[in-house]
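I am opening a page for this chain. I will look things up one at a time and write down what I find.

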Amino acid sequence: MAKSNIGLDIGASSVKAVEVVETKKDISIIRAGEVELDRGTIVGGEVRDPAALTEAIEQLWAGTGFKKAPVTIGLSGFKISARQFDLPWEEEEKFRNALPLRLSTEMPIDLEDAMLDYHNLGNFKRQIITPNGKNELLMQRSLIVGMERMLIESIADAVADANVRLKKADFTGFGLIRAADAVGGRKDKVPGLPASTDEIVAEVVVDIGSHVTTLAIHEKGRVLFVRIISGGGESITKALSEQLQVSFDAAEILKKNITLEFESDSWNALPALSVIDKQRYDFAKEVLNAMASFQIQEVRRSVEYFLQNTPNPTSVNRVLLSGGTSLLPGFADRLAAELRAPVGRLAPISAYGKGAVSYTHLTLPTNRE
């Protein structure tokens with residue numbers, strides 16, 4: 001029997017949803033859509049305008065025809081922390097209940113007002129010294145995700161007010177890995193940790209949002225590393241707006257049309273850039289390149305940290321990008337040069353869409369109260 005699942009991604013610039021039908025034989029995407037959000041509705045994953053978010057979700061469901069099935073929402077933002085820990089193994093319930101005490105001084109958020117979840121990266125044995133001599137302790141390597149309870153509750157309330165049932169909340173980093181693994185054509189995940197001599201061929205997935213960048217590294221669907229990087233596309237637009245003293249909208253046009261290469265000159269061919277003169281256009285190119293370089297270097301440093309701290313010989317065979325900022329002209333080429341790996345797009349709809357998938361792009365009415 002076919003099983004329908006709906007994923008809801010709530011970002012700073014838009015609300016997106018996709019409906020997936022899964023059978024024993026295959027997976028197919030049958031419907032997808034998004035509604036643009038006013039700037040400031042969501043900031044760093046935090047809901048600043050609940051009514052506007054509810055309205056956007058209502059319009060998305062009305063305009064696309066999603067079923068009334070419960071949804072899974074993806075969460076990311078400033079108030080979410082993802083870190084790896086090696087902790088003594090316990091049964092699942094005991095392990096989960098002990099996390100707040102074990103990590104009370106290790107996580108950068110207040111665990112008394114947070115919700116914790118974890119992903120088991122695998123078990124291994126560690127030698128310890130006891131009064132009776134050497135012994136082995138079973139350890140569990142886990143990626144612990146902490147989310148401030150207020151962040152989840154505010155989004156859950158907005159979803160409920162839109163008459164959409166919430167099934168569960170999930171960390172965006174895990175969703176990126178599942179999407180990348182599905183695009184790679186694999187359904188079976190690799191269990192446990194590899195032997196220390198096994199070579200890992202990793203894939204890096206980078207989602208560049210408006211306010212945060214989520215980086216996830218996996219091998220055939222097995223989570224290896226996740227990091228949330230502060231900064232995204234809006235920081236680039238703000239820098240252009242402030243440095244050139246133009247409106248945010250004009251700066252957004254500049255960002256999308258300037259190629260990240262100093263030798264490239266497209267000013268005369270782009271009427272949309274007439275908000276500035278040629279001299280200021282050259283300055284805009286410098287600002288854009290500097291800001292984009294900062295984002296790229298943060299990604300490179302994260303990948304290097306992973307490679308330097310994994311016990312296995314590891315190489316990166318591919319990088320997949322998602323998020324609007326990753327579409328900036330020249331961005332993928334610059335990142336490929338930094339990481340010395342091919343860079344492509346994470347495109348699950350192209351991989352799993354049956355026929356012409358209906359993708360509906362909507363905007364909220366400008367005259368609403």
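Where is Gln 245 found? I place Gln 245 in the loop between helix H5 (233-244) and helix H6 (248-257). Helices (H or I, at least four residues) and strands (E, at least two) are DSSP runs, numbered from the N terminus.

**Ground rules.** I note that this is a predicted model, in which local features need pLDDT of at least 70, side-chain atom pairs count only at pLDDT 80 or more, and totals for chains, interfaces and linings use all residues. Residues are numbered from 1 along each chain as its sequence is written, and side-chain values use heavy atoms, with hydrogens and water left out.

**Entry: Gln 245 and what follows it.** Gln 245 has a phi near 55°, a positive value in a residue other than glycine. I checked its cover too: Gln 245 has a relative accessible area of 73%, so it is exposed. My terms are buried for under 20% relative accessible area, exposed for over 50%, and partly exposed in between (1.4 Å probe, protein chains only). Next I looked at Ala 250, which lies in helix H6. Ala 250 is buried, because its relative accessible area is 8%.

**Entry: the whole chain.** I count nine helices and 16 strands in the protein chain. Of its 369 residues, 46% are buried. I then took contacts (heavy atoms within 4.5 Å). Among those between residues at least 6 apart in sequence, 66% join residues at least 24 apart. The accessible surface comes to about 18800 Å², and 50% of that belongs to carbon and sulfur atoms. Accessible areas come from the Shrake-Rupley method with a 1.4 Å probe; for residues, only the protein chains shown count as cover.

**Entry: salt bridges.** How many salt bridges does the structure hold? I find 18. The criterion is a side-chain nitrogen of Lys or Arg within 4 Å of a carboxyl oxygen of Asp or Glu. Side chains of opposite charge can pair when their charged atoms come close.

I started with Arg 141 and Asp 86, whose closest N and O atoms are 2.8 Å apart. This pair links distant parts of the chain, with Arg 141 in strand E9 (residues 133-148) and Asp 86 in strand E7 (residues 80-88), 55 residues apart. Arg 141 is buried, because its relative accessible area is 17%. Asp 86 has 28% relative accessibility, so I list it as partly exposed.

Then I turned to Glu 298 and Arg 227, which meet in a salt bridge at 3.5 Å, N to O. Here too distant parts of the chain are linked: Glu 298 is in helix H7 (residues 278-309), Arg 227 is in strand E13 (residues 222-230), and they are 71 residues apart. Glu 298 is buried at 13% relative accessible area. Arg 227 counts as partly exposed, at 30%.

Helix H7 also holds Arg 300. Arg 300 forms a salt bridge with Glu 338, the closest N and O atoms being 3.2 Å apart. Glu 338 sits in helix H8 (residues 331-339), 38 residues from Arg 300. Glu 338 is partly exposed, because its relative accessible area is 34%. I also noted a network: salt bridges that share partners join Asp 86, Arg 126 and Arg 141.

**Entry: negative patch.** Which residues gather in a patch of negative charge on the surface? I list Glu 58, Asp 110, Glu 112, Asp 113, Glu 153, Asp 157 and Asp 161. Patches are made of residues with over 30% relative accessible area and no salt bridge; like charges are joined within 9 Å, nonpolar side chains (Val, Leu, Ile, Met, Phe, Trp, Tyr) within 5 Å. Lys and Arg count as positive and Asp and Glu as negative; His and the chain ends are not counted. The place of a charge is taken as NZ of Lys, CZ of Arg, CG of Asp or CD of Glu.

Helix H3 (residues 149-161) gives the most to the patch, with three residues. Asp 161 is found in H3. Asp 161 counts as exposed, at 52% relative accessibility.

**Entry: Asn 163.** Asn 163 is found in the loop between H3 and strand E10 (166-171). Its phi is near 60°, a positive value in a residue other than glycine. Asn 163 is exposed, because its relative accessibility is 61%.

**Entry: Ser 210.** I find Ser 210 in the loop between strand E11 (200-208) and strand E12 (212-219). Leaving aside neighbours within four places in sequence, Ser 210 is in contact with Ala 12, Ser 13, Gly 232, Gly 233, Glu 234 and Ser 235. The C-alpha atoms of Ser 210 and Arg 39 are separated by 9.8 Å, while the two residues are 171 apart along the chain.
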